[in-house]
Amino acid sequence: MSQGLVSFILVIVFAGLAADRVHRVLVPIGAVALVWTISYFTPYRLISFDASMQAIDLNVILLLASMMALVGVLKTTNVFPWAVDRLLERSRGNPSRAATLIIWFTGILSALLDNVTTVIFAYPMASEMARRLRINGSAFFLPMVMAANIGGTATLIGDPPNVLIGADPRSGLSFMDFIYNLAVPCTVMMLLLVLFSRRYYAADIGPAADRDHDGVATPTGARLQNVPLLRTTCWITVGIFAGFMTHTLTGMPVSVPAVIGIAVILFAQDFYYLRKHRPTPEERQHGVLSILEKDIEWPTLAFFLFLFVLVGAAVSTGLIDSLAQGLGWAIDGVGAALSLSPRATLLVAALLVLWASGLLSAVIDNIPYTAVTIPLVASLLHRLDAGPEGQVLWWALALGACLGGNGTLIGASANVTVTGLAEKDGKRISFNEFTAFGARVTAITLLVSSVYLALWLYVGSVTVNVAGAIVLAALLATTLVRRRSTPRA
């Protein structure tokens, strides 16, 4: 009964967000209030307050707050308008080319960093470029966040589900295994994302907009300000990123280097300010107080906080565990009913894991889902006795859990972050608008993943990855040659 109640509440949350009648932060707040009301005033204990505190991922909350504060400090140096000048020069003021630069920049950076951190850094540049080009901001923002989730899928450190899978000794996967097996399909997905985005937003970044605008490409003359602070911030940011990339070795959660780094940066900001100013007590708004009030997106953090409690209720009542077990029974049933060969059974299992993970990750946070599904995959591998080929189930889980986050606004942390930042800038992206684009991208990427997993099993991982890398290299070389030979408009 408890699992049924949590399922019903999650459906209400999903419907409330889709209806878009109230501010989205009110939906999880109301849902958590309902969960606690049921827990303390009825016999059904969905989740206690103590369990709710444990469900809140402080690592994500502190990481988000720290990165927002870091971007706030960088804004004071005018680095984003300066960078946009350079990007628009590079793209010749061409909206289509500018969107492609944003997509690839975000995707590649997200493979090295947490995707939330990536979109926080990329958003100010995408926002300024959309404003300067006078196009619909969604044409930049939504492909950008999809690229972050796709790019993060390619490496062990790019997305939390991959971290969980790689850290589990039952998977036996290394850092290079992820790159070797996931980089090629993710690159294909990035190419398809660029093409689909150009078609979906045809009027903004599609073929109709594929022309140069020298007036827009002309630099505005934006200059860097407070260069010593910018230089110090950049060096400290390098240290923060080093902490992100080595967290599997140091054991530090990613929020630890982020909080340490932003503390040092805020002290540096105060130091450089006081070297030139003697502010009165009433005028101490230039530094940390201004960052806290204006640059940290508190409604977004509140949305995450209450969403974590709802996911915690799904975990504590055993709902997510039941879903994972149901997936295991479905795989057993299909294999037995169709009398499939061992390899065919393994492919069916991989496809079921892929699509179930993709669909569930679109509506449920993929971190707890992945955590409870890892033992299921390990159990399936033991039952199927698949040998080395059984590794395909780990790739199915990684692809499904990471890519499914593109399906809805609440599917991934990066989605909520970007929509929150856009709303603060006056650009409201509704749940339905996000889902209309994201669900299509998810379907495309899951179809690509399905083909890749089948080829991985029946052609061989070495052949498919080497052949894919050669084809992608040839496409890149052809594109570069065409770009260089195309005269400026």
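Is Phe271 buried, partly exposed or exposed, and at what relative accessibility? In this predicted model, local features require a pLDDT of at least 70 and side-chain atom pairs count only at pLDDT 80 or more, whereas totals for chains, interfaces and linings use all residues. Residues are numbered from 1 along each chain as its sequence is written, and side-chain values use heavy atoms, with hydrogens and water left out.

Phe271 has a relative accessibility of 48% and therefore counts as partly exposed, the class between buried (under 20% relative accessible area) and exposed (over 50%), with a 1.4 Å probe and protein chains only.

The structure contains nine aromatic pairs, in which rings of Phe, Tyr and Trp (its six-membered ring) have centres within 6.5 Å and are classed as stacked with planes under 30 degrees apart, edge-to-face over 60 and tilted for the rest. Among them, Trp36 and Phe49 form a tilted pair, because their ring centres lie 5.6 Å apart and their planes meet at 55°. This pair links distant parts of the chain, 13 residues apart, with Trp36 in helix H2 (residues 26-41) and Phe49 in helix H3 (residues 49-55); helices are DSSP runs (H or I, at least four residues) numbered from the N terminus. Trp36, at 26% relative accessibility, is partly exposed, as is Phe49 at 42%. The rings of Phe271 and Tyr272, with centres 5.4 Å apart and planes at 70°, are edge-to-face, and Tyr272 is buried at 19% relative accessibility.

One aromatic cluster is formed by Phe196, Tyr200, Tyr201 and Phe437.

Key
Helix = DSSP H or I, 4+ residues; strand = E, 2+ residues; numbered from the N terminus.
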